[in-house]
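Visitor: I have a model open and would like to go through it piece by piece. Can we start with the side chains and then move to the helices?
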Amino acid sequence: MDSAEQYYEAKAALEWQVELGADEAIGDEPLDRYELVAEVPKPKAAKAKPAAAPIPMVEVDAVAVAKAAAAGAADLAGLEATLAAFELCELKRGARNLVFADGNPAARVMIIGEAPGRDEDREGKPFVGRAGMLLDRMLAAIDLGRAGPDPAASVYITNILPWRPPQDRDPSPEEIAMLRPFVTRHIELAAPDLIVLMGNISCLAMLGRKGITRMRGSWEEVLGRPALPMFHPAYLLRSPHAKREAWADLLNLKAKLG
Ligand code: URA
């Protein structure tokens, strides 16, 4: 093809493009846009994530967790903080306050009740309601009180449950088993000479059996320490005729203290 032919061929191609609408030059070099299309990177398909491993359902052994937590408490303040941080007991969610203890931690006598009621839940202290007032009068009758600094003349008081159960119902066996390690550690840390178990729940938790009418007045052993089951003051409020036996048990306690 001579140069004239080349010229006319190029001109014809240009006019054909102008006819198609390509009437404006935007670059010096021609671009083959078909080629470019081939080069356009394809949108990346989202990388398929490896399927997440199923989360294993681990059953928590609440008693084992409680035992380990309680064992880690080095003193009474540490035990109270550990209980306050313990989240496996549902009773905590319905309670206003943690009811840990009252009285003199150095006392020779440790009294273990059942659970906080409405007044105790409100105040965060054990035995402050009607039953508590009767307990104070009973203790005063044998020259003991919770306020005194003298370990020989004072008591230290706690409960099996540190949180009030709904409607003051009895604790379930699971709740007792879960909270027992804290009571056990509480006894170890307070190290009383004598223990008083107030009522059936306390006997069930610490001795593994109940039947307070038969058990009261006879010394048992809890963690190597003498423990006396007694009628619960709330029972004495309902059954005043039982105060005779309660008085006998108080004298028994006083005699043991020497
Ligand atoms: N009854 C208990 O056993 N404990 C309390 O703190 C109050 C009532």
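Visitor: Which side chain meets Arg108 in a salt bridge?
Guide: Asp193 does, at 2.6 Å from N to O. Keep in mind that this is a predicted model.

Visitor: Where do Arg108 and Asp193 lie?
Guide: Arg108 is in the loop between strand S1 (102-103) and strand S2 (109-113).

Visitor: Which residue does Glu175 meet in a salt bridge?
Guide: Arg169, with 2.8 Å from N to O. Glu175 is buried, with a relative accessible area of 9%, whereas Arg169 counts as partly exposed at 34%.

Visitor: Which residues are joined into a network by salt bridges that share partners?
Guide: Glu87, Glu90, Lys92 and Arg93 are joined into one network that way.

Visitor: Change of topic. How many helices and strands does the chain have?
Guide: There are 12 helices and six strands.

Visitor: What share of the residues is buried?
Guide: Of the 258 residues of the chain, 38% count as buried.

Visitor: And what share of the contacts between residues at least 6 apart in sequence joins residues at least 24 apart?
Guide: That share is 70%.

Visitor: On to helix packing. At what angle do H3 and H8 pack?
Guide: Helix H3 (residues 62-71) and helix H8 (residues 173-190) pack at about 15 degrees, and their axes are 8 Å apart. That angle makes H3 roughly parallel to H8. The crossing of the two helices is right-handed.

Visitor: Which residues of H3 and H8 meet there?
Guide: From H3 they are Ala62, Val63, Ala66, Lys67, Ala69, Ala70 and Ala71. H8 brings Ala177, Met178, Pro181, Phe182 and Arg185.

Visitor: What about H8 and H9, at what angle do they pack?
Guide: H8 and helix H9 (residues 199-207) pack at about 80 degrees, with axes 10 Å apart. That makes H8 roughly perpendicular to H9.

Visitor: Which residues make the contact?
Guide: On the H8 side, Ile176, Arg180, Val183, Thr184 and Ile187; on the H9 side, Ile201, Leu204, Ala205 and Met206. Those residues of the contact of H8 with H9 divide into seven nonpolar, one polar and one charged.

Visitor: Now a proline. Where is Pro116?
Guide: Pro116 is in the loop between S2 and helix H6 (118-123).

Visitor: Buried or exposed, that Pro116?
Guide: Pro116 is buried, with a relative accessible area of 2%.

Visitor: What does Pro116 touch, leaving out residues up to four places away in sequence?
Guide: Pro116 touches Val99, Asp121, Asn159, Leu161, Pro162, Trp163, Arg164, Pro165 and Asp168. Leu98 is 18 residues from Pro116 in sequence, and their C-alpha atoms are 9.0 Å apart.

Visitor: Last topic, backbone angles. What is the phi of Asp143?
Guide: Phi of Asp143 is near 65 degrees, which is a positive value in a residue other than glycine. Asp143 lies in the loop between helix H7 (130-141) and strand S3 (155-159), and counts as exposed at 54% relative accessibility.

Visitor: And what is the phi of Leu223?
Guide: Leu223 has a positive phi of about 50 degrees, although it is not a glycine. Leu223 sits in the loop between strand S5 (220-222) and strand S6 (225-230). Leu223 is partly exposed, with a relative accessible area of 41%.

How values were computed. Residues are numbered from 1 along each chain as its sequence is written. Side-chain values use heavy atoms; hydrogens and water are left out. Axes are lines fitted to C-alpha atoms, for helices over the stretch in contact, and angles run from 0 to 180 degrees between N-to-C directions. Helices (H or I, at least four residues) and strands (E, at least two) are DSSP runs, numbered from the N terminus. Angles under 35 degrees count as roughly parallel, over 145 as roughly antiparallel, 65 to 115 as roughly perpendicular and the rest as oblique. A crossing is left-handed if the near helix is turned anticlockwise from the far one by less than a right angle, and right-handed if clockwise. Contact means heavy atoms within 4.5 Å. A salt bridge is a side-chain nitrogen of Lys or Arg within 4 Å of a carboxyl oxygen of Asp or Glu. Buried means under 20% relative accessible area, exposed over 50%, partly exposed in between (1.4 Å probe, protein chains only). Ala, Val, Leu, Ile, Met, Phe, Trp, Tyr, Cys and Pro count as nonpolar, Asp, Glu, Lys and Arg as charged, and the others, Gly among them, as polar.
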